[in-house]
Amino acid sequence: MRSSGIATPGKIIAVHLNYPSRAAQRGRTPEQPSYFLKPSSSVAASGDVLERPAGTELLAFEGEVALVIGEPARRVSPDDGWRHVAAVTAANDFGLYDLRAADKGSNVRSKGGDGFTPLGPDLIDAASVAADALRVRTWVNGALVQEDTTDTLLFPFGRLVADLSQLMTLETGDVILTGTPAGSSVVVPGDVVEVEVDAPLAPGAPSSGRLRTTITEGTTPFGDFGSAPAVDDLQRIEAWGDAQTAGIAPADRVPDAAAPPFELTDELRELLGSVGVATLSVQLRKRGYTEVFLEGVRANRPGARVVGRARTLRFIPFRPDLFARRGGGYNAQKLAFDTVEPGEVIVIDARGERGTGTVGDVLALRAQVRGAAGIVTDGGTRDFEVVAAMDIPTFSQGPHPSVLGRRHVPWEVDVAVSCGGAAVEPGDVIVGDGDGVIVIPPSLAWDVAREAAAQEAEDEWVSAQVAAGASVDGLFPMNEAWRARYEADRAPGGRVDR
């Protein structure tokens with residue numbers, strides 16, 4: 001095994017759960033951090049191969065931020081914890097779910113194998129970045145599968161260092177693996193996993209570089225001594241991330257075909273309309289949904305809001321023969337606007353091409369007369385001022401006078417589309433306001449709406465404290481003392497002195 005380019009740590013300490021998105025995926029949010037140890041012999045370098053042991057099936061990756069201790073830490077405070085971190089880098093906390101039962105929670109065999117802790121390739125000077133301004137991303141075979149930032153952590157880095165230092169001395173070179181966000185899943189022989197940690201907003205945008213690991217198939221079977229690898233459907237679901245990806249239909253769930261159809265009720269519509277897109281995006285992010293914002297799409301009229309279910313329309317790039325065949329007459333564009341149902345939002349996939357109009361005054365008026373909830377396009381709007389002044393809310397990339405045939409061919413309706421880089425299926429819930437537009441899977445709509453409303457109530461309370469002169473330190477986010485005051489304040493008849 002090649003060196004990682006990082007001094008072999010005396011000890012490697014890993015955190016179980018630390019990102020809200022991962023906690024939501026697991027269905028549990030810890031009140032305090034918990035840890036396990038990994039042997040230094042598990043360290044590997046970028047470019048190394050990792051064997052999936054023969055006879056196993058559930059080798060999972062976990063992209064993480066690794067902290068490298070500088071000055072030894074013993075009984076330090078959370079405020080001082082970050083000062084004892086010399087550097088950060090990328091890590092991949094590989095685990096073999098086939099051996100979890102054998103470990104009984106210790107993770108010695110399931111996560112302690114040779115090569116199960118790749119680190120590197122480069123170190124980022126901790127003094128050059130803020131602890132809450134780091135980003136971790138993971139790719140499998142070139143596809144981005146994990147992305148999160150350290151401003152969302154349940155337990156900030158300084159707190160982890162302080163907590164561990166209460167019982168043990170963290171020595172120079174020790175490594176703390178700080179948890180993985182949602183998106184961890186199974187890899188198979190032939191897959192290539194890459195992890196990168198960076199600080200995109202720091203001067204020079206320092207990066208660890210991509211930590212690359214190639215998975216191969218092991219050929220040496222386990223012996224007939226010790227606990228043998230074993231998996232069940234629960235382990236498969238946890239390893240893959242969900243039952244659907246694992247190819248398992250949970251016994252305690254009604255099959256989708258028999259489930260009652262989703263309905264965007266007036267109550268739900270009102271609840272979604274009462275909270276901001278920014279707040280909804282936080283709740284979706286906690287559940288691992290990070291690519292749900294329609295990039296570049298903005299309200300044509302200040303103050304416009306939209307809530308509705310998606311009616312999709314897809315354009316393809318202009319080609320004279322295709323436009324001659326599909327662009328004239330009662331084409332897909334006219335069909336979408338002429339048949340949109342009350343409460344639906346027409347969502348147009350224009351490939352982000354803003355160099356021509358994708359909707360004008362006549363079609364927008366037709367949608368308004370039909371009772372559509374709104375129009376969303378990642379392209380341009382013709383007759384911009386007229387359309388913006390209509391009652392129907394419209395969202396686009398801005399004005400453009402050209403007709404459709406300059407860049408687009410209207411192709412089809414009622415299919416999955418990409419609008420502003422986000423996947424939108426017919427029937428998805430669309431919410432838009434001054435911050436932009438977001439898409440919500442129907443199965444999450446009620447939970448996301450309720451929790452967003454609770455979050456906004458909390459944020460409003462925090463704003464009141466700040467307006468009254470309170471410092472944001474410990475208040476945003478709330479520590480235990482502020483949390484207790486908030487809970488007391490919102491209790492029936494409750495009010496505490498400020």
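A contact here means heavy atoms within 4.5 Å of each other.

**Figure 1. Overall fold of the predicted model.** The protein is built from 15 helices and 28 strands, and residues 24 or more positions apart account for 77% of its contacts with a separation of 6 or more. Along the principal axes, the C-alpha trace spans about 70 × 65 × 50 Å. A compact globule of 498 residues would have a radius of gyration near 23 Å, and the 26 Å of this protein agrees with that.

**Figure 2. The buried face of helix H9, residues 277-286.** Val 277, Thr 279, Leu 280, Gln 283 and Leu 284 are the buried residues of this helix; because they fall within an arc of 160 degrees when seen down the axis of H9, they line one face of the helix.

**Figure 3. The cover over H9 and the residue that follows the helix.** Just after H9, Gly 288 takes a positive phi of about 90 degrees.

Figure 4. Of the 498 residues, 50% count as buried, while the accessible surface comes to about 22,700 Å², of which 52% belongs to carbon and sulfur atoms.

Terms used: Residues are numbered from 1 along each chain as its sequence is written. This is a predicted model: local features need pLDDT of at least 70, side-chain atom pairs count only at pLDDT 80 or more; totals for chains, interfaces and linings use all residues. Side-chain values use heavy atoms; hydrogens and water are left out. Buried means under 20% relative accessible area, exposed over 50%, partly exposed in between (1.4 Å probe, protein chains only). Helices (H or I, at least four residues) and strands (E, at least two) are DSSP runs, numbered from the N terminus. The arc is that of the directions from the helix axis to the C-beta atoms. The radius of gyration is taken over C-alpha atoms; the globule rule is 2.2 Å times the number of residues to the power 0.38. Accessible areas come from the Shrake-Rupley method with a 1.4 Å probe; for residues, only the protein chains shown count as cover.
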